[in-house]
Amino acid sequence: MVRLAALLGVLLLLLADARRTQSKHCTAIQLDAGTTRLDLKGCGFARVPEHIDWCALKSLTFVDMSQNFLERIPTTLACATAIRVLFLSANPGLNHVPKFVRSLPSLKMYAQRSSGLTSITASDFPPSLEWLIFMDNALESLPDLSSFPIRKLMLSHNRLASVGALPRALEMLSLANNRLRSLPESVRTAARLTWVVLSSNPLLDDDAPPKPRLAVPELPLDQFPRL
């Protein structure tokens, strides 16, 4: 009992320390023209702090506002034109791609996982995009993305029944746990494609039409690299 009480005491101290760290991380937001990273993940925000002057953050390249309760993102974020990585995942009320995203000229990686998204369009994204991460949503179709230089496309755990033409630069593709019965011809012609995950789709069922021959390995989801 003494040892258990001591262990519980240590755990309570660790939890208290973690809360203090998170509180500082979310409340003591200090930004200037030289700031390159802004991490607001898991802060419990219902709105983005209004005091942030996005137009002054000319060096900002990384923004993570995942795991909050955001329903909208201020359009002035588009003023931070150096942003290369933007994470907006796990904001239950943000069930659309914010319009300003298409106006970020340097954006390379965009993630909006677990957000209840039901549709996206090619016009939602800037032409610079290389990584697109939309796992665990409710997407039913994927638009033609062939004009983008996208290398990594992560779309597992959606409701996809159709997929438009894929980017020629594609290297990694995750489509596990969807409703696909066929794949576009661009899967076979993507010369750089080296990783594919297709598990838990009707196209792999015995009664489904034969799946296309792929010149790349198919990996189960549990062996796919975590991003």
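Start with the aromatic rings: the structure holds four aromatic pairs (rings of Phe, Tyr and Trp, its six-membered ring, whose centres lie within 6.5 Å; planes under 30 degrees apart are stacked, over 60 edge-to-face, the rest tilted). Select phenylalanine 62 and phenylalanine 87: their ring centres are 5.7 Å apart and their planes stand at 85°, so this pair is edge-to-face. Phenylalanine 62 sits in strand E2 and phenylalanine 87 in strand E3, so the pair ties together parts 25 residues apart in sequence. Strands (E, at least two residues) and helices (H or I, at least four) are DSSP runs, numbered from the N terminus. Phenylalanine 62 counts as buried, at 14% relative accessibility (buried is under 20% relative accessible area, exposed over 50%, partly exposed in between, with a 1.4 Å probe and protein chains only).

Before you go on, a word on what you're looking at. This is a predicted model, where local features need pLDDT of at least 70 and side-chain atom pairs count only at pLDDT 80 or more, while totals for chains, interfaces and linings use all residues. Residues are numbered from 1 along each chain as its sequence is written, and side-chain values use heavy atoms, leaving out hydrogens and water.

Next, pick tyrosine 110 and phenylalanine 134. Their ring centres lie 5.9 Å apart with planes at 80°, so here is another edge-to-face pair. Tyrosine 110 is in strand E4, and phenylalanine 134 is in the loop between E5 and strand E6 (141-142), 24 residues apart. Are these two buried or exposed? Both tyrosine 110 and phenylalanine 134 are buried.

E4 and E5 pair in the parallel sense over three bridges (two strands pair if DSSP finds at least two bridges between them).

Now zoom out to the whole sheet. It is an open one of eight strands in the order E1-E2-E3-E4-E5-E7-E9-E10, with parallel pairing. Strand E1 (37-39) and strand E10 (195-197) stand at the edges with a single partner each, so one side of each has no neighbour in the sheet.

Back between E4 and E5, find serine 128, in the loop joining strand E4 (109-111) to strand E5 (131-133). Serine 128 is buried, at a relative accessible area of 13%. A polar atom of the serine 128 side chain lies 3.3 Å from the backbone oxygen of proline 105.

Last stop, the sulfurs. How many disulfides does the structure hold? There are two disulfides (pairs of cysteine sulfur atoms within 2.5 Å).

- Cysteine 26 and cysteine 43 are joined, S to S 2.0 Å. Cysteine 26 is in helix H1 (residues 2-27) and cysteine 43 in the loop between E1 and strand E2 (62-64), so the link ties together parts 17 residues apart in sequence. Cysteine 26 is buried at 7% relative accessible area, and cysteine 43 is buried at 14%.
- Cysteine 55 and cysteine 79 are joined, S to S 2.2 Å. Cysteine 55 is in the loop between E1 and E2 and cysteine 79 in the loop between E2 and strand E3 (85-87), so this pair ties together parts 24 residues apart in sequence. Cysteine 55 counts as partly exposed at 32% relative accessibility, and cysteine 79 as partly exposed at 27%.

Key
Polar contact = N/O pair within 3.5 Å; in protein donor to acceptor, adjacent residues only side chain to side chain.
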